[in-house]
Amino acid sequence: QVQLVESGGGLVQAGGSLRLSCAASGRTFSSNTMAWFRQAPGKEREFVAATSWLIVNKYYADSVRGRFTISRDNAKNTVYLEMNSLKPEDTAIYFCAAKPRLNNYDDKASYDYWGQGTQVTVSS
């Protein structure tokens with residue numbers, strides 16, 4: 001089992017920045033791929049960004065590429081999401097997810113472990 005705990009959400013004005021953190025514990029070798037998804041009210045959960053512990057590859061949704069940066073600290077078993085130039089349409093609950101496999105990084109159904117989520121609200 002892997003436990004994921006997100007933090008860092010909050011309320012920010014458009015154009016501002018936030019940094020989300022996701023700390024993993026338990027069988028962390030089962031979290032080779034770590035990702036962020038988000039879900040806005042009335043919408044499906046969507047992929048935001050992903051990275052792997054073993055290979056320094058990073059993947060982003062088109063809607064956030066160039067504004068968001070995913071990174072990880074292997075020593076702390078923590079993955080981060082730096083969000084800049086935030087827009088009102090970025091408002092959502094942001095979820096951290098993990099799985100042992102290194103594929104289908106943008107497929108939410110393929111992830112085995114999920115955090116509880118952290119709310120991000122961007123005001124206009």
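Are Cys22 and Cys96 buried or exposed? Cys22 is buried, and Cys96 is buried as well, where buried stands for under 20% relative accessible area, exposed for over 50%, and partly exposed for what falls in between, with a 1.4 Å probe and protein chains only. Before I go on, please keep in mind that this is a predicted model, in which local features need pLDDT of at least 70 and side-chain atom pairs count only at pLDDT 80 or more, while totals for chains, interfaces and linings use all residues. Residues are numbered from 1 along each chain as its sequence is written, and side-chain values use heavy atoms, with hydrogens and water left out.

Let me stay with the two cysteines. Cys22 and Cys96 form a disulfide with their sulfur atoms 2.0 Å apart, the criterion being a pair of cysteine sulfur atoms within 2.5 Å, and by this rule the count comes to one disulfide. The torsion about the S-S bond of Cys22 and Cys96 is about -80°, so the disulfide is left-handed. The pair links distant parts of the chain, since Cys22 belongs to strand β3 (residues 18-26) and Cys96 to strand β9 (residues 92-99), 74 residues apart; strands here are DSSP runs of E with at least two residues, and helices are runs of H or I with at least four, numbered from the N terminus.

Next, the nonpolar core, by which I mean a set of buried Ala, Val, Leu, Ile, Met, Phe, Trp, Tyr and Cys residues joined through side-chain atoms within 4.5 Å. The largest one has 35 residues, and those with the most contacts inside it are Leu4, Met34, Trp36, Leu81, Met83 and Tyr94. Among the elements that give two or more residues to this core are β1 (2-7), β7 (68-73), β8 (78-83) and β11 (118-123), but the largest share, five residues, comes from β9. If we set aside neighbours within four places in sequence, Met83 is in contact with residues including Leu18, Leu20, Phe68, Tyr94 and Val120, contact meaning heavy atoms within 4.5 Å.

Now to the aromatic rings. How many aromatic pairs does a search of the whole structure find? The search finds seven, where rings of Phe, Tyr and Trp (its six-membered ring) pair if their centres lie within 6.5 Å, and planes under 30 degrees apart count as stacked, over 60 as edge-to-face and the rest as tilted. The rings of Phe37 and Phe47 have centres 5.7 Å apart and planes at 75°, so this pair is edge-to-face. Phe37 lies in strand β4 (residues 33-39) and Phe47 in strand β5, so the pair ties together parts that are ten residues apart in sequence, and both Phe37 and Phe47 are buried. For Tyr59 and Tyr105, the centres are 3.8 Å apart and the planes are at 15°, so that pair is stacked. Tyr59 is partly exposed at 29% relative accessibility, and Tyr105 is partly exposed at 30%. Phe37, Phe47, Tyr59, Phe95, Tyr105, Tyr111 and Trp114 form one aromatic cluster.
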